[in-house]
Amino acid sequence: MKRNNFSAVNKVVQTPPVVKQPKRGLCPSLTQTHVLSVLLDWGTLPHHVILQIFQYLPLIDRARASSVCRRWNEVFHIPDLWRKFEFELNQSATSYFKSTHPDLIQQIIKRHAAHLQYVSFKVDSSTESAEAACDILSQLVNCSIQTLGLISTAKPSFMNVPKSHFVSALTVVFVNSKSLSSIKIEDTPVDDPSLKILVANNSDTLRLLKMSSCPHVSSDGILCVADHCQGLKELALNYYILSDELLLALSSETHVNLEHLRIDVVSENPGQVKFHSIKKHSWDALIKHSPGVNIVMYFFLYEEEFETFFREETPVTHLYFGRSVSRTILGRIGLHCPRLIELVVCANGLQPLDRELICIAKHCKNLTALGLSECEVSCSAFIEFVRLCGRRLTQLSIMEEVLVPDDNFTPDEVHAEVSKHLGRVWFPDVMPIW
């Protein structure tokens, strides 16, 4: 009986013939080569496995792989492979980066435009690259893009494109996509009418909008977005279009809780000194509606331009100063920014920040990160600051030259005291000398 069962199984699963091993130093037989080629035939891999491999390949390698066999070419055109795509547009004369080949761009537009969902354009500093991006955008008429990003790797080259050309190309996507949820169009000539088109076609789906340094957008334009896009959770803009009306619109009962608000504070005009102020009740309304919102402010001002800011309570959570900031302003921050989580000061001058830092440590109970460069703080005051903050300081980046020796401590002795209060080993940052 066992013999009969064995015979039946043997008929179903045929044992491959034994391949005679070649002698060492001789070429393998044709039979063995055939068997190995069958066992290692990548063309027999399932589609989903090839698809996973293709997703890790750079575009040029993926295109080359598609010409290996018919099966790989079929995978190359599977819609899932084209949902996410980054167009790299660089001029060989001005950039060392690779660029997406024009023939491949046309193939994508003709065969895969309907599959594109997550699209970004990365351009160099040349106007030609930005114009090429606009030409591609204007052809995406049969698409359902969900995320769109326009990225200038150097200077904002989209600003050199004629405004009418840029707006016309962008509105093609705004009108045809109908499901945009994330848009990053910073440093571009987008304007109020194009934002109204965006709202008219994508108000139910828009969740993220980053549009800092867009000089043709007014406070009315961004207010239109806030009024109609009730699901907006993340917003990045310039301070000059921030208004009390905008904050109140983001705080309405029908609007979802805002999660992230980034504000870039730069001079709208060279030599500008006076900035408008935001009323405390507008900030209070936003925090009451969205208590967990992160409010991030980047300052690129000169000392005389700070007069308007931090005179009363401001619910900012992350502060970054790209230029010198005075002790007076840092003192106001300690008194009027109770929600502060992170503070980065790139420069201050030659006046020690001892009292200001200790004030911040005492009043900003949520502070967990500090970065200082081109400032001066006495070693004793810095140690006291760390003692007051304690182990909640998870990030502490201080350049070694910031610490000034005093009667109690030298910079070499600071690390031991600070490490004791942090509960971990800490050393100041050192500028590398190449």
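Guide: The model is predicted, so local features need pLDDT of at least 70 and side-chain atom pairs count only at pLDDT 80 or more, while totals for chains, interfaces and linings use all residues. Residues are numbered from 1 along each chain as its sequence is written, and side-chain values use heavy atoms, with hydrogens and water left out.

Visitor: Why is α13 called roughly parallel to α14?

Guide: The axes of α13 (residues 327-336) and α14 (residues 354-363) come within 8 Å and cross at roughly 15°. Angles under 35 degrees count as roughly parallel, over 145 as roughly antiparallel, 65 to 115 as roughly perpendicular and the rest as oblique. The pair α13 and α14 is therefore roughly parallel. The axes are lines fitted to C-alpha atoms, for helices over the stretch in contact, and angles run from 0 to 180 degrees between N-to-C directions. Helices (H or I, at least four residues) and strands (E, at least two) are DSSP runs, numbered from the N terminus.

Visitor: What makes the contact of α13 with α14?

Guide: Arg 327, Leu 330, Gly 331, Gly 334 and Leu 335 of α13 meet Arg 355, Glu 356, Cys 359, Ile 360 and His 363 of α14. Contact means heavy atoms within 4.5 Å. By class, four of these residues are nonpolar, three polar and three charged. Ala, Val, Leu, Ile, Met, Phe, Trp, Tyr, Cys and Pro count as nonpolar, Asp, Glu, Lys and Arg as charged, and the others, Gly among them, as polar.

Visitor: Why is α8 called roughly parallel to α9?

Guide: Helix α8 (residues 163-177) and α9 pack at an angle of about 10°, with their axes 8 Å apart. That angle makes α8 roughly parallel to α9. Their contact has five nonpolar, five polar and no charged residues.

Visitor: What makes α9 roughly parallel to α10?

Guide: Helix α9 (residues 192-202) and helix α10 (residues 219-228) pack at about 10°, and their axes are 9 Å apart. The angle is what makes α9 roughly parallel to α10. Asp 192, Leu 195, Lys 196 and Val 199 in α9 meet Gly 221, Ile 222, Cys 224, Val 225 and His 228 in α10.

Visitor: What makes a space a cavity or a pocket?

Guide: On a 1 Å grid over the protein atoms alone, a cavity is a set of points where a 1.4 Å probe fits but cannot get out. A pocket is an open set with protein on both sides within 12 Å along at least five of seven lines, and lining residues have an atom within 4 Å of a point. A search of the whole structure finds one cavity of 30 Å³ or more. The largest cavity has a volume of about 40 Å³, a volume being the space filled by probe spheres set on the points, which are joined across faces, edges and corners.

Visitor: Which residues line the largest cavity?

Guide: The lining consists of Leu 330, Leu 343, Val 345, Leu 353, Glu 356, Leu 357, Ile 360 and Leu 372. Helix α14 gives the most, with three residues. Seven of the lining residues are nonpolar, none polar and one charged.

Visitor: Which residues are closest to the centre of the largest pocket?

Guide: The largest pocket has a volume of about 950 Å³. Of its 36 lining residues, the closest to the centre are Phe 85, Glu 86, Glu 88, Thr 100 and Ser 120. Strand β3 gives the most to this lining, with six residues.
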